[in-house]
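I opened the notebook today to look up a few things in this structure. Have a look along with me.

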Amino acid sequence: MTLSRQVIDPDNPSLDQSQKSGLPLSPAVRGGDFVFVSGMAAIDPATGAPAHGTVAAETRQILTNIGRLLEATGSSLAEVVKVNVLIYSMLEYENMNAVYREFFPTDPPARTVCGVKLIGGHKVEIECIALA
Amino acid sequence: MPPSHELFAIAACYAFWSLAPTGSLVRPGRQEVAMRAVIPAPVPGLDLGREYGHHQSPAIRAGGLIFCSGMVAINPDTGEREHGTVTSEARRIFENLKLLLESAGSSLDRIVQVHAMIYDRIEYDVLNRVYRQYVPNAPPARTVMSVQIEAGFKVMLDVTAAA
């Protein structure tokens with residue numbers, strides 16, 4: 001059986017940072033039963049500009065944007081199976097976790113959180129895998 | 001340059017199953033197929049949500065795969081953190097992974113991919129020595145990175161397995 005592979009175009013082009021910045025990545029790719037979402041930083045969905053803020057604010061913006069992106073593909077946050085959260089300091093874990101839980105009220109996805117050096121002055125980056 | 005065995009990828013088998021346990025998401029039109037199901041902690045210590053307020057399920061089964069949350073060295077019976085060396089933490093994590101995967105009908109042999117996180121790259125060889133004991137044959141695809149890990153742990157393993 002050959003599995004399909006399809007690049008997802010967000011319905012809001014502001015969320016397509018690859019196009020804006022000329023980076024060699026797609027915002028999301030559907031493969032088999034899954035949608036693989038690229039690591040997303042906080043972006044203002046109206047302008048596509050970076051939305052730098054606190055860990056809480058960036059987390060909220062990213063998960064809102066990911067939710068819209070998934071819905072444009074026919075999936076949703078409720079169908080996310082795995083999330084990787086990258087934050088600039090693990091001291092901010094709880095600030096991320098508190099906002100994060102609002103977006104996954106029941107049966108939250110499996111998740112890995114780690115502290116890394118992020119580019120572009122962002123404090124949070126989130127990638128995920130969802131059912132297509 | 002990573003050793004060649006890290007490039008050894010195992011193709012995931014796609015299988016469907018018909019159970020729809022609690023926490024499962026069932027698609028309209030595919031009622032008999034549970035698309036997304038929470039795998040509960042087989043022992044209390046592996047529920048980091050309950051123990052430490054992490055907002056995550058221990059693992060999710062979907063599309064023939066099992067996605068595990070990042071695992072750290074936790075005593076499975078008491079839920080206490082077991083900080084130690086890279087070796088002792090990795091051992092504890094693999095023992096816990098075995099419990100978790102086997103409770104879901106999978107096993108260490110069925111792991112397809114690992115993201116191994118360590119606190120310092122200098123311990124890379126130490127990790128490898130203990131790691132190869134748990135996946136001796138046809139090891140999974142793997143990426144190792146050095147990152148900050150929660151609560152001062154030295155190792156975290158992020159695993160995807162075939163269901």
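What does the accessible surface of chain B come to, and how much of it belongs to carbon and sulfur atoms? I get about 7,500 Å², with 53% belonging to carbon and sulfur atoms; the areas come from the Shrake-Rupley method with a 1.4 Å probe, and for residues only the protein chains shown count as cover.

**Ground rules.** This is a predicted model, so I note that local features need pLDDT of at least 70 and side-chain atom pairs count only at pLDDT 80 or more, while totals for chains, interfaces and linings use all residues. Residues are numbered from 1 along each chain as its sequence is written, chains are lettered from A and ligands numbered from 1 in the order in which they are written, and side-chain values use heavy atoms, with hydrogens and water left out.

**Chain B overall.** I find 3 helices and 7 strands in chain B, in the order β-β-α-β-β-α-β-α-β-β. These are DSSP runs numbered from the N terminus (helices: H or I, at least four residues; strands: E, at least two). Of its 163 residues, 50% count as buried, meaning under 20% relative accessible area, with exposed over 50% and partly exposed in between (1.4 Å probe, protein chains only). I also looked at contacts (heavy atoms within 4.5 Å): among those in chain B between residues at least 6 apart in sequence, 68% join residues at least 24 apart.

**Cores.** My next search was for nonpolar cores, sets of buried Ala, Val, Leu, Ile, Met, Phe, Trp, Tyr and Cys residues joined through side-chain atoms within 4.5 Å. The largest has 41 residues, and Cys68(B), Leu97(B), Leu101(B) and Leu157(B) have the most contacts inside it. Helix H2 of chain B gives the most to this core, with 7 residues. I then listed the contacts of Cys68(B), leaving aside neighbours within four places in sequence: among them are Lys82(A), Ala110(A) and Thr112(A) from chain A, and Leu97(B) and Leu101(B) from chain B. A second, separate core of 30 residues includes Ile66(A), Ile87(A), Val99(A) and Ile126(A).

**Aromatic pairs.** Phe34(A) and Phe67(B) are edge-to-face, because their planes stand at 80°, with centres 5.5 Å apart. Phe34(A) lies in strand E3 of chain A and Phe67(B) in strand E4 of chain B, so the pair joins two chains. Both Phe34(A) and Phe67(B) are buried. Phe94(B) and Tyr134(B) are stacked, with planes at 0° and centres 4.7 Å apart. Their helices are H2 and H3 of chain B, so this pair ties together parts 40 residues apart in sequence. Phe94(B) is buried at 2% relative accessibility, and Tyr134(B) is buried at 16%.

**Charges over rings.** I counted a charge if NZ of Lys or CZ of Arg is within 6 Å of the ring centre and within 35 degrees of the ring normal. Arg81(B) has its charged end over the ring of Tyr52(B), 3.9 Å from the centre. Lys154(B) lies over the face of Tyr119(B), at 5.8 Å from the ring centre.

How values were computed
Rings of Phe, Tyr and Trp (its six-membered ring) pair if their centres lie within 6.5 Å; planes under 30 degrees apart count as stacked, over 60 as edge-to-face and the rest as tilted.
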